[in-house]
Amino acid sequence: MQKQYDVTAIGELLIDFTENGLSSQGNPLMEANPGGAPCNVLAMLQKLGHRTAFIGRVGDDMFGRRLKTAVEEIGIDTDGLVLDREVNTTLAFVHTAPDGDRDFSFYRNPGADMRLCVEDIRKEQTDNCAIFHFGTLSSTHEGCRAATRLAVERAKRAGAVISFDPNIREPLWRSLDDARRETAWGLSMCDILKISDNEILWFTEKDNYDDAIAFLQETYHVPLILLSMGREGSRACQGSRSVTVPALLREDTVETTGAGDTFCACVLHYVLTHGLRDFSGEELTAMLTYANTAASLITTRKGALRVMPSPEEIENAMKALG
């Protein structure tokens, strides 16, 4: 039976203030970009023609209302988005280094996304999706953690494929022990894991990717593991099969915001198109090549949610590679 949504995601929706030049006085100018990893993933999936829904909270303030409008304009279902009248929208200030890497400063103590609660979780979103996607930032505090676990458990019982991207942001945790515990829970629930190079080495306490992946496979039995390695490319692992595809490095990169989310969305697109099954090496290569290409395109733009690449742009970029 076809589900109402291809992908439902839960988590943070916030404003990313990114640097955009200097004022006449030499002060940094900040552009207010809609952001938040789960909705970035949904925005890319919408560009690829999928039906998506979001569960989360923003403040009933100027930023929260703008975020709701931006998400709706993209086509993401916002029936599960609550406007909080007591706490403001979470803000992130992003400093971009010359190589495109980022450093974050968060205004989130409290932030509206932290106030997600079990009463906000509606079966319409959790029980009617082919894939349910989540990260750890909706589990940093007790109330939102309970809501996230309820949503994931409901979706899993309803037969959804569970997708997990830890997306650790150290300043948002009371302790990294809490982050480790919630990451372990996510690993125990997921069918698809997208994890970054620094996160996998931190969590597994291994000194190389091969041992780290083997540890996750043996301990958590995740069917499909996707490792994003920045300039080193990406890797897909299913059982003993492992494929690595180089990154597509661009001279016109301005920042890396949303690259991992774009990559993750393209992997989910491949799974939605082909089903979650044992893929051949050639299929995993095709999956990663498409995802890497899309991720490279988003690095040439400021922000992510509103400027995701179209399927035509991705195909043209792949053709240009030969």
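Close-up 1. Phe93 is partly exposed, with a relative accessible area of 27%. Here buried means under 20% relative accessible area, exposed means over 50%, and partly exposed lies in between (1.4 Å probe, protein chains only). This is a predicted model: local features need pLDDT of at least 70, side-chain atom pairs count only at pLDDT 80 or more, and totals for chains, interfaces and linings use all residues. Residues are numbered from 1 along each chain as its sequence is written, and side-chain values use heavy atoms, with hydrogens and water left out.

Phe93 belongs to one aromatic cluster with Phe17, Phe63 and Tyr107. Rings of Phe, Tyr and Trp (its six-membered ring) pair if their centres lie within 6.5 Å; planes under 30 degrees apart are stacked, over 60 edge-to-face, and the rest tilted. By this rule the count comes to 9 aromatic pairs. One of them is Phe17 with Phe63: the ring centres are 5.7 Å apart and the planes stand at 90 degrees, so the pair is edge-to-face. This pair links distant parts of the chain, with Phe17 in strand β2 (residues 14-22) and Phe63 in helix α2 (residues 62-74), 46 residues apart. Helices (H or I, at least four residues) and strands (E, at least two) are DSSP runs, numbered from the N terminus. Phe17 is buried, at a relative accessible area of 12%.

The rings of Phe93 and Tyr107 also pair edge-to-face, because their planes are at 65 degrees, with centres 5.3 Å apart. Phe93 sits in strand β6 (residues 91-96) and Tyr107 in strand β7, 14 residues apart, so this pair too links distant parts of the chain. Tyr107 is exposed, with a relative accessible area of 55%.

**Close-up 2. A charge over a ring.** The charged end of Arg180 sits over the ring of Trp202, 4.8 Å from the ring centre. The rule asks for NZ of Lys or CZ of Arg within 6 Å of the ring centre and within 35 degrees of the ring normal.

**Close-up 3. Helix α4 beside α5.** The axes of α4 (residues 142-157) and α5 come within 11 Å and cross at roughly 10 degrees. That makes α4 roughly parallel to α5. Axes are lines fitted to C-alpha atoms, for helices over the stretch in contact, and angles run from 0 to 180 degrees between N-to-C directions. Angles under 35 degrees count as roughly parallel, over 145 as roughly antiparallel, 65 to 115 as roughly perpendicular, and the rest as oblique. From α4, Arg145, Arg149, Val152, Glu153 and Lys156 meet Arg181, Glu182, Trp185 and Met189 of α5. Contact means heavy atoms within 4.5 Å.

**Close-up 4. Thr293 in helix α9.** Thr293 lies in α9 (residues 281-298). Thr293 is buried, at a relative accessible area of 2%. Leaving aside residues up to four places away in sequence, Thr293 touches Leu248, Ile314, Ala317, Met318 and Leu321.

Close-up 5. Most residues other than glycine have a negative phi, and most peptide bonds are trans. A cis peptide bond joins Asn109 and Pro110, with omega about 5 degrees. Pro110 is found in the loop between β7 (102-107) and α3 (123-126). Asn167 has a positive phi, near 50 degrees. Asn167 is in the loop between β9 (161-164) and α5 (176-189), and counts as buried at 12% relative accessibility. Glu205 also has a positive phi, near 60 degrees. Glu205 lies in the loop between α6 (197-204) and α7 (209-220), and counts as exposed at 63% relative accessibility.
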